[in-house]
Amino acid sequence: MEKDLEHPCPWLELIPLDETDSTSNQIKLLPIRREMTVVTAEYQTKGRGQQGNSWESERGMNLVFSILISPKNVIASQQFILSQAISLAIKDTLSAYTTDICIKWPNDIYWHDQKLGGILIENELCGKRIDRCVIGIGLNINQQSFTSPAPNPISLAQITGKRFDRQEVLLQLLSRFYQYLKLIEQNDTAPIVADYHQSLYRAEGLHAYRDEQGLFMAAIDHIEPIGTLCLKDESGNLRYYAFKEVKVVLPHLELPN
């Protein structure tokens, strides 16, 4: 990381690694000693994305890290608030460096139609409440080229033409996430939900989606507290989808009218 990893946050334990298989695998082995524990890596050999995909990240170029928290006042049926909070923390942070950052449901970070980052969340329950939450994050910061078959990666450096101090970006992101966690702790989640909806990729208008029955056009109607996506199709029908049950069709893959 570009700067000294010392930090002034008493609520944060920051553990830097040079290389690991997965920061999420490593952080699961740790006890919770502070309100937030974070493991970073210059390179990970088995970084995971959604649906079992791998995450491409050149050594020392991006932010690859995992967060361990024990959130207060979050029951299992409302666990999506954690996904909304970390997505907004990332969006808020990157928006200080460029415009048009948005969140593709449930928690991919986009710039226009290109993917800047992804989030993978794993929760452990104690009764009906979230006991431990591991949030694995990959953000493309300084990488200049991508070789994986992923259709639309982009980095902050490619967008802006500038190189960024990854440590500075990380600490800003974690501070914003901490502030959102305090709102959740106080049961003041309405601002998080409202901001998340306003920040969604393709929040307005009809766009192409694909489910198990094929391609269709729809608009985002709302998202339920558990994270279910509700789309309104061209016929006015509401369609409800859990994670992985529907895909946004990217512009270059959409069929002509």
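**Reading the predicted chain**

Five helices and twelve strands make up the secondary structure of the chain; helices (H or I, at least four residues) and strands (E, at least two) are DSSP runs, numbered from the N terminus. The model is predicted, so local features need pLDDT of at least 70 and side-chain atom pairs count only at pLDDT 80 or more, while totals for chains, interfaces and linings use all residues. Residues are numbered from 1 along each chain as its sequence is written, and side-chain values use heavy atoms, with hydrogens and water left out.

The overall dimensions come next. Along the principal axes, the C-alpha atoms fill a box of roughly 55 × 45 × 30 Å. The radius of gyration, taken over C-alpha atoms, is 18 Å, which agrees with the value near 18 Å for a compact globule of 257 residues; the globule rule is 2.2 Å times the number of residues to the power 0.38.

Of the 257 residues, 49% are buried, meaning under 20% relative accessible area with a 1.4 Å probe, protein chains only. Among contacts (heavy atoms within 4.5 Å) between residues at least 6 apart in sequence, 62% join residues at least 24 apart.

One part to look at is an open sheet of five strands, in the order β11-β10-β9-β8-β12, with antiparallel pairing. Its edge strands, β11 (238-241) and β12 (247-248), each pair on one side only. Two strands pair if DSSP finds at least two bridges between them. Strand β10 (residues 229-233) is joined to β11 by four bridges, and the two run antiparallel. K232 stands opposite L238 in β11. Strands of a sheet pair through backbone hydrogen bonds, either parallel or antiparallel.

Key. Buried means under 20% relative accessible area, exposed over 50%, partly exposed in between (1.4 Å probe, protein chains only).
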